[in-house]
Amino acid sequence: MTDTQALKLDETAREQLLERFLRYVRIDTQADEHSDSSPSSPKQLELSRLLEQECQTLGLADVERTSEGVVYATLKPSQGVDSPTICWFAHVDTSPEYTAEKVSPIVHRDYSGNDIPLPNGENLTIRVADNPTLNDLVGGTIITTDGSTLLGADDKSGIAVILSAASWLKQHPEIPHGEIRICFTTDEEIGRGCEGLDLNRIGSVCGYTLDGSGTAEIDVETFSADLCVVTVQGVNTHPSIGKGVMVNALRVLSDFLTRLPHQSDSPETSDGRDGFLHPYAIDGGVAEANVRIIIRDFEQDGLTRYRTLLKQLADDVERSHPGSRIVLEFREQYRNMRDGLASEPRAIELARQAVVDAGLEPKLSIIRGGTDGSQLTALGLPTPNLSSGQHNPHSPLEWTSVGEMARCVSVLLHLANRWGRESQPR
């Protein structure tokens with residue numbers, strides 16, 4: 001077997017990759033942003049336990065699962081290789097925005113190139129016009145939901161890619177590589193993926209989150225992100241005697257929401273480097289109501305501008321509704337990884353070379369979202385984000401493909417090989 005062949009999965013390994021992915025997505029690991037426990041939902045631990053067992057079965061070293069559900073493992077370096085340690089990350093949880101209960105993945109083999117209707121999705125269809133990448137995957141294997149749940153490719157495709165790469169390297173000792181740490185986190189989707197992480201335990205010079213779309217993308221910037229919880233306190237009384245007494249928190253909150261920008265500065269109206277305000281969850285009644293708003297921008301000044309706008313709107317609405325009180329609670333979530341990545345320039349450059357080695361065209365990109373890498377980089381571990389084959393995350397229209405995931409595995413194999421040629425820092 002030539003070196004080039006050794007760095008590309010054969011058909012048996014591709015089927016194992018598919019089997020891994022299907023096994024993971026059938027486990028409901030939806031995070032709960034209203035919970036203070038760690039992990040936020042106990043069901044995440046089911047997948048963590050499975051991954052602990054699989055790491056042990058693969059013969060990885062130093063396998064450990066913490067009480068928070070974080071799984072650590074080590075792929076020992078090839079004999080005679082003394083190169084820097086790197087780490088591969090993926091997260092076990094899925095988004096709280098759409099149900100992951102009883103995921104029923106559908107495997108579409110020999111994909112025809114047509115639109116893909118989802119049988120339990122109330123007329124939901126994955127349309128080629130909206131997903132042009134499908135044009136490049138004709139004849140391959142596509143995995144979708146049945147339309148009633150999300151799929152969980154965010155980020156179970158990343159988990160499957162990492163363990164498939166680790167398995168392949170264990171089977172092919174002729175591929176030289178350095179030490180590779182593997183870490184599976186919980187609660188990434190609610191901004192808590194780094195809680196309980198021990199960077200000394202990881203001990204790497206950089207990391208890579210496998211949490212990106214398609215193939216060949218290297219995300220070198222993320223949004224900076226805050227959360228704002230807006231709580232309106234009203235006055236409740238029996239509606240029959242409400243005149244001059246009742247202050248309906250729902251009406252006040254509705255007024256607040258209508259004053260938010262909607263022709264700009266929203267997900268529906270922005271792209272590229274634009275930031276936005278996004279109200280996504282509302283709860284309450286007459287006495288008290290609240291809305292959760294995510295604030296996103298690539299620059300700190302943008303976050304500050306949005307915070308100021310929300311405070312001003314709250315003051316204006318409160319004055320318009322005598323007797324009401326509006327409280328804003330801001331929570332920092334993560335920050336743009338851009339500046340922190342500069343401390344280890346090899347993290348991006350060797351990833352770029354690995355994508356080229358895999359026969360792909362690297363795309364340095366920005367991500368209009370965040371990953372564990374945002375927080376890891378802020379903590380001092382430079383961690384760009386790599387593709388793992390995801391499409392349409394947090395949605396019943398979510399899908400992935402075996403071909404793309406296999407190419408992502410190939411990128412990891414080349415990345416391991418590239419880092420294996422690097423010298424230890426002095």
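A residue counts as buried when its relative accessible area is under 20% and as exposed when that area is over 50%. The exercises below concern a predicted model.

**Exercise 1.** Decide whether Leu197 is buried or exposed, and find which residues it touches.

*Solution.* Begin by placing the residue: Leu197 belongs to the loop that lies between β8 (180-185) and α5 (199-202). Next, take its relative accessible area, which is 15%, and compare this with the cut-off of under 20%, so Leu197 is buried. Finally, look for its partners: when residues up to four places away in sequence are not counted, Leu197 touches Val70, Tyr72, Phe89, Cys183, Thr185 and Leu376.

**Exercise 2.** Describe how helix α4 and helix α11 cross, and which residues meet there.

*Solution.* Two packed helices are described by the angle between their axes and the distance between the axes. For α4 (residues 153-171) and α11 (residues 402-420), the axes come within 9 Å and cross at roughly 50 degrees. This angle makes α4 oblique to α11, and the crossing is right-handed. On the α4 side the contact includes Ser157, Val161 and Trp168, while on the α11 side Met405, Val409 and Leu412 are among the residues met. Sorted by type, the residues of this contact are 11 nonpolar, two polar and no charged.

**Exercise 3.** Find which element gives the largest share of the largest nonpolar core.

*Solution.* This core has 69 residues, and Ile159, Phe184 and Leu412 are among those that touch the most other members. The largest share of the core, 11 residues, comes from α11. A second, separate core of 22 residues includes Leu253, Leu277, Ile293 and Ile326.

Technical notes: Residues numbered from 1 in each chain as written. Predicted model: local features only at pLDDT ≥ 70, side-chain atom pairs only at ≥ 80, totals over all residues. Heavy atoms only, no water. Axes fitted to C-alpha atoms, helices over the stretch in contact; angles between N-to-C directions. Helix = DSSP H or I, 4+ residues; strand = E, 2+ residues; numbered from the N terminus. Parallel < 35°, antiparallel > 145°, perpendicular 65-115°, else oblique. Left-handed = near helix turned anticlockwise from the far one by under 90°. Contact = heavy atoms within 4.5 Å. Nonpolar A, V, L, I, M, F, W, Y, C, P; charged D, E, K, R; others polar. Buried < 20%, exposed > 50% of the residue type's maximum accessible area, 1.4 Å probe, protein only. Core = buried A, V, L, I, M, F, W, Y, C linked by side-chain atoms within 4.5 Å.
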